[in-house]
Amino acid sequence: MGKYNSVTSEVFQTYIDQARAGKYSEKTIRQYDYALRTLISFLTAKDIKRLQDVRAGDLEAYHAYLLDRGLSVGSRENLMRAVRKFFRWLEDSGRIFM
């Protein structure tokens, strides 16, 4: 599993651990891990260090970034689906406001 920066590592690890406990396949967990590492790399380049500071416009810019990278529609949608699921989990678990 990939390493995340110190600001996000505990939250991401908890998310991945819960996905694993939820009986997700290893392939799905690897996809989630890749999607989150890609997102954090993008946000870090934009100098966004806290998940609480991510806005809808940032996620729209991330989607455009994926398009610019030449990813297929299916790949982009898989990455965006994983990101949406992660942010839903953050909200549902009360972590987005930490």
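Biologist: What kind of model is it?

Modeller: This is a predicted model: local features need pLDDT of at least 70, side-chain atom pairs count only at pLDDT 80 or more, and totals for chains, interfaces and linings use all residues. Residues are numbered from 1 along each chain as its sequence is written, and side-chain values use heavy atoms, with hydrogens and water left out.

Biologist: How many helices and strands does the chain have?

Modeller: Four helices and zero strands. Helices (H or I, at least four residues) and strands (E, at least two) are DSSP runs, numbered from the N terminus. The pattern along the sequence is α-α-α-α.

Biologist: Now the loops. Where is Lys 23?

Modeller: Lys 23 sits in the loop between helix 1 (9–21) and helix 2 (26–45). Its phi is near 70 degrees, a positive value in a residue other than glycine.

Biologist: Is Lys 23 buried or exposed?

Modeller: Exposed, with a relative accessible area of 74%.

Biologist: And what about Asp 47?

Modeller: Phi of Asp 47 is also positive, near 65 degrees. Asp 47 lies in the loop between helix 2 and helix 3 (56–68). Asp 47 is exposed, at 55% relative accessible area.

Biologist: New topic. What share of contacts joins residues 24 or more positions apart?

Modeller: They account for 57% of the contacts with a separation of 6 or more. Contact means heavy atoms within 4.5 Å.

Definitions and conventions: Buried < 20%, exposed > 50% of the residue type's maximum accessible area, 1.4 Å probe, protein only.
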